[in-house]
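Visitor: I have a chain open on my screen and a few quick questions. Can you walk me through it?

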Amino acid sequence: MNRTPHIIIPAILCSVTAFANANTLSDESAIEKITVEASPTANKLPVGTFDSPISNLEYDPRVDLQSRNMAEAQADVTIRGGIFENTGFRVGSATLLDPQSGHYFAEIPIAPQMLSGPDVLTGADNALYGMNSSVGTVSFGWKPIITGGSVSLGTGTNDFNLQSIHAAKNTQLDSLVNYTLGFEGEYSHSQSDGTIDNGDHDFSRAAGRVQLASEHSQTDLFFGSQDKFFGWPNLYTPFGVNETEDLETRLWMLNHKQNYADNSNFEVSAYYRTHDDHYIYSRENPSAFEAFHKSEVKSLGLSGRHAQSDALAINYSAQFIDDSIESTTLENNFTSRKYYKLSILPEYTIELNNQQLTFRLGAAYDDTNRDDAEVSAIGDITLNTQNSDGTAQTLYLSYAQASQVAGYTAIGGSDSGGLFRSNYNLERETTSNLELGLLLDEQTWQLNSAIFYRKDNNLTDWTFNFDSTSARFANPVDIDTAGVEFLATKHFDTAKLIASYTYLHKSENYGAADIDASFYALNFPDHRLTLGAVYNPTDILEFRIDNEWRTQHKNALRNGNDNALFTQLTLKITPPQLSNLFITLAADNLWDESFEEIPGTPGRGEQYTLSATYSW
């Protein structure tokens, strides 16, 4: 177990991780135990479909989720004012990559019941564990299988319907002492006409895994399949056209994590992922423009911590990715690539009565068979104080560099015309992040705060020119970003409050004069507030509410206001006469906010649902 707390932005109760039990299976499982009580959102489930690993991240103050249709349809997850391709999604020790575009990083066909997290890694931890994700990583771990299950049925406005079933069985093995064998499966389906015209969807997911576990190890073999069709006006272009996408994602993963000795562990992850995309520019005239993409990714990842002594430890991470793509739109013969990364972060801890002073200093090496290599520095200093009354404080200062390369749509398509214009001159992107943070963990409340300054060089952005027939251009940009973040959680006897505030300021240089608007790099909130609450007046009733208010940076492509207020409200009723059954009434976008999360793309409408869940 890592004795230095993860720098999670904002992290919840992460100061406690420095003193967690040394026999905990992994960093991710320890974080899960700590953060469950102080989740950064009140609601756990989405309103318009079945839950996925990225559900409700739009109300999570640690990230900014920019959706088309809804989060589970097309989710661009950004961290600290980065763009979607700066954010990686890590399961176990491996980052899930899609070579075509970062728009599909969040296509993860894993049932959330199987995963711990999400744990948001930034700064030094992202530089250590992330892969081709220069700003942040949303990290998940595999949960132990526990016998049980549930079945859910739902209906709602816009002809919404939902069906979901999940079951798990864990048994003690007679042939292997102290080992358990678990089986888990899940199937979910939802469809609706959509919250606006031509915003329909039809989603399904099937997932299963087998798990062999002991006190010190856990091995998981997983397969997941996800099929998604959805439509949305101006899905990717600002030309007033009703576009559609049909996605098929398959994922096979083998994962093993192992504790050994004292405070030492490692985790190995291997996966094979395929993703098929059929994009239609105009559903009324499909022959006008359509594109087919089929990507294939194979990867092997390793991460761990080896404790030499109580004072000295080595944190490490390595990953190899081999990808390829078949596409009807790529013209630059850039259809395959191999990625390599190795990170080493030695750690030295000094015990000072009730305090720990920890120094980490190391480096990461990134390379591909098509791009120049990059060596990045990683380092932080953390002072953790554990008081006799159970309270704790953590103060840290970190500096971390990271790098990544552009996706195939940005660098491998046509550079002279078409809807999505590539740029053959894009170079490796590099990022430097300096950060100071303070975490307070008191008896009934927690405060997490950070101030940071980040420099992005050669960041690949997608831009727009009003005089062009192309929908967007891939262009490099140098951006300096400064930010402040606060997250507070307060616990009462029957309630919990969660509040956050973030401020971002950017200074950009595109080195070109023909750019009228940015779809991503300059699509960020100058100010953002979130407020969530969970209230249990009785054993029968539970209220959950999440609110997000933002004032967005001005953008020439955006229609309507730059300010927005979103609210999700849920009422859970558990009738005492019906054991193991609860009924949920839920509303999303309660005020029918029409704010364009992606400039030029219509925002989602209201959605109301009624569902019933029986568990065993």
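Guide: Let's start at Glu-542. Setting aside neighbours within four places in sequence, Glu-542 is in contact with Val-534, Tyr-535, Asn-536, Thr-570, Leu-571 and Lys-572. Keep in mind that this is a predicted model.

Visitor: Which strand does Glu-542 lie in?

Guide: Strand S27, which covers residues 541–552.

Visitor: Is Glu-542 buried or exposed?

Guide: Buried. Its relative accessible area is 14%, and the cut-off for buried is under 20%.

Visitor: What does the side chain of Glu-542 make a polar contact with?

Guide: The side chain of Arg-544, at 3.0 Å.

Visitor: Let's zoom out. How many helices and strands does the protein chain have?

Guide: There are 3 helices and 30 strands.

Visitor: How many of the residues count as buried?

Guide: 60% of the 616 residues. The protein chain exposes about 22800 Å², and carbon and sulfur atoms supply 56% of that area.

Visitor: What about contacts between residues at least 6 apart in sequence?

Guide: Of those, 63% join residues at least 24 apart.

Visitor: Charges next. How many positive and negative ones are there, and how far apart are their mean positions?

Guide: The protein chain has 39 positive and 79 negative charges. Their mean positions are 3 Å apart.

Visitor: New topic, prolines. Where does Pro-112 lie?

Guide: In the loop between strand S4 (94–96) and strand S5 (115–122). Pro-112 is buried, with a relative accessible area of 19%. That value just makes the cut-off of under 20%.

Visitor: What does Pro-112 touch, not counting residues up to four places away in sequence?

Guide: Asp-51, Ser-52, Pro-53 and Arg-205.

Visitor: How far apart in space are Pro-112 and Ser-500?

Guide: 25 Å, C-alpha to C-alpha. In sequence they are 388 residues apart.

Visitor: And the peptide bond from Gly-117 to Pro-118, cis or trans?

Guide: Cis, with omega near 5°. Pro-118 lies in strand S5.

Visitor: Now backbone angles. Which residue has a positive phi of about 70° although it is not a glycine?

Guide: Asn-69. It sits in the loop between strand S1 (64–68) and strand S2 (74–78). Asn-69 is buried, at 6% relative accessible area.

Visitor: What is the phi of Arg-80?

Guide: Positive, about 55°, although Arg-80 is not a glycine. Its place is in the loop between S2 and strand S3 (87–91).

Visitor: Is Arg-80 buried or exposed?

Guide: Buried. Its relative accessible area is 6%.

Visitor: Last stop, Ser-343. Where is it?

Guide: In strand S16, residues 336–352. Ser-343 is buried, with a relative accessible area of 0%.

Visitor: Which backbone oxygen lies 3.2 Å from a polar atom of the side chain of Ser-343?

Guide: The one of Leu-128. Leu-128 is also among the residues that Ser-343 touches, leaving out those up to four places away in sequence.

Notes: Residues are numbered from 1 along each chain as its sequence is written. This is a predicted model: local features need pLDDT of at least 70, side-chain atom pairs count only at pLDDT 80 or more; totals for chains, interfaces and linings use all residues. Side-chain values use heavy atoms; hydrogens and water are left out. Helices (H or I, at least four residues) and strands (E, at least two) are DSSP runs, numbered from the N terminus. Buried means under 20% relative accessible area, exposed over 50%, partly exposed in between (1.4 Å probe, protein chains only). Contact means heavy atoms within 4.5 Å. Accessible areas come from the Shrake-Rupley method with a 1.4 Å probe; for residues, only the protein chains shown count as cover. Lys and Arg count as positive and Asp and Glu as negative; His and the chain ends are not counted. The place of a charge is taken as NZ of Lys, CZ of Arg, CG of Asp or CD of Glu. A polar contact is a pair of N or O atoms within 3.5 Å; within protein, one must be able to donate a hydrogen and the other to accept it, and residues adjacent in sequence count only if both atoms are side-chain atoms.
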